[in-house]
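Subject: Structure for you to look at

Hello,

Here is the structure I promised to pass on. Please open it and read the notes below beside it.

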Amino acid sequence: MRNEAFRKATGSAYCYDYRELPGQADIAAVSGYCEDRRKRFAPIAKAFDDRANSYWVLRHYLAIKFATAANMLAGSAAYAHAHNLMLAVPYFNYYAALNACRAFLLTSPQVDWDGKNTVEMTHQNIINRTADYMRELDPARRVGWQEQLKALRDHRELFSYRFPLSGPGVVGNAAFDLDAAIALARLIAELASLNSECLDGALRKHASMELRVTPLAEHEWAMAYEIAGISTPDSDDRYRFGKFVRGWKTVAPFEVM
């Protein structure tokens, strides 16, 4: 029943089985958020062509990788916490949330594609824009989300750069709060998935769903990594991205990818 309400809100035929979002927002708030996103996606969908499709396929592919990274980092935080590796927890907490933010921004209609600059925003820019774009879900919580993300960054920097010998004696146990960090990261990652469904809903209403992916220079850049000044392609990236392009072609929600 809940999934049907979500599909109605996004206009997509697909719906991820959301875990965090229903507990943090009622269906009216989710519907309001989706209405805003679909309005923002409408002009994008109306002008959609093969080139735009190629960019959004890339954006969703990168976003899913960042969401996967967030999931792995959250798992590492949980392992570190369970095995008393406490100094690693602030690091894993922060980067789990930051990678979820990156996934969210890549799927957001407010973010224009600017190649490498879109993926490599400063941490401050990522935090500010994430909190700002989440406001449509609950305007009253925008400042709280921003402060929580900043606190995660501050805790990571404290133990990376200064290393107080008293550990939690300086900042308290908040620096090692696993549950709060994972809940926030999961919410942001789920909003990225919801964004992808809102784009799908806009495309179904305004565009052709039979598009192809044209090669872009950014495709090659996104599958290569600079190590010691040398660009090194990743074979798994090439395989997975190529398989998605051949198998689906038109950009799809996260649930499909």
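Angles under 35 degrees count as roughly parallel, over 145 as roughly antiparallel, 65 to 115 as roughly perpendicular and the rest as oblique. The model is predicted, so local features need pLDDT of at least 70 and side-chain atom pairs count only at pLDDT 80 or more, while totals for chains, interfaces and linings use all residues. Residues are numbered from 1 along each chain as its sequence is written, and side-chain values use heavy atoms, with hydrogens and water left out.

Some terms come next. Helices (H or I, at least four residues) and strands (E, at least two) are DSSP runs, numbered from the N terminus. Axes are lines fitted to C-alpha atoms, for helices over the stretch in contact, and angles run from 0 to 180 degrees between N-to-C directions. A contact means heavy atoms within 4.5 Å. A crossing is left-handed if the near helix is turned anticlockwise from the far one by less than a right angle, and right-handed if clockwise.

Helix 3 with helix 10

The axes of helix 3 and helix 10 are 8 Å apart, at an angle of about 50°. The two helices are therefore oblique to each other. Their crossing is right-handed.

Helix 1 with helix 3

Helix 3 (residues 27-46) also packs with helix 1 (residues 2-10): their axes come within 8 Å and cross at roughly 25°. That angle makes helix 1 roughly parallel to helix 3. The crossing is right-handed. Ala-5, Phe-6, Lys-8, Ala-9 and Thr-10 of helix 1 meet Ile-27, Val-30, Ser-31, Cys-34 and Arg-38 of helix 3.

Helix 5 with helix 10

Helix 10 (residues 178-206) packs with helix 5 (residues 89-106) at an angle of about 10°, and their axes are 8 Å apart. Helix 5 and helix 10 are therefore roughly parallel. Their crossing is left-handed. Among the residues in this contact are Ala-96, Ala-100 and Phe-104 of helix 5, and Ala-181, Ala-185 and Ile-188 of helix 10.

Helix 4

The expected span of a helix is 1.5 Å times one less than its number of residues. For the 33 residues of helix 4 (residues 50-82) this should give 48 Å, and the end C-alpha atoms are 48 Å apart, which agrees. After helix 4 comes Asn-84, which has a positive phi, near 60°.

Regards
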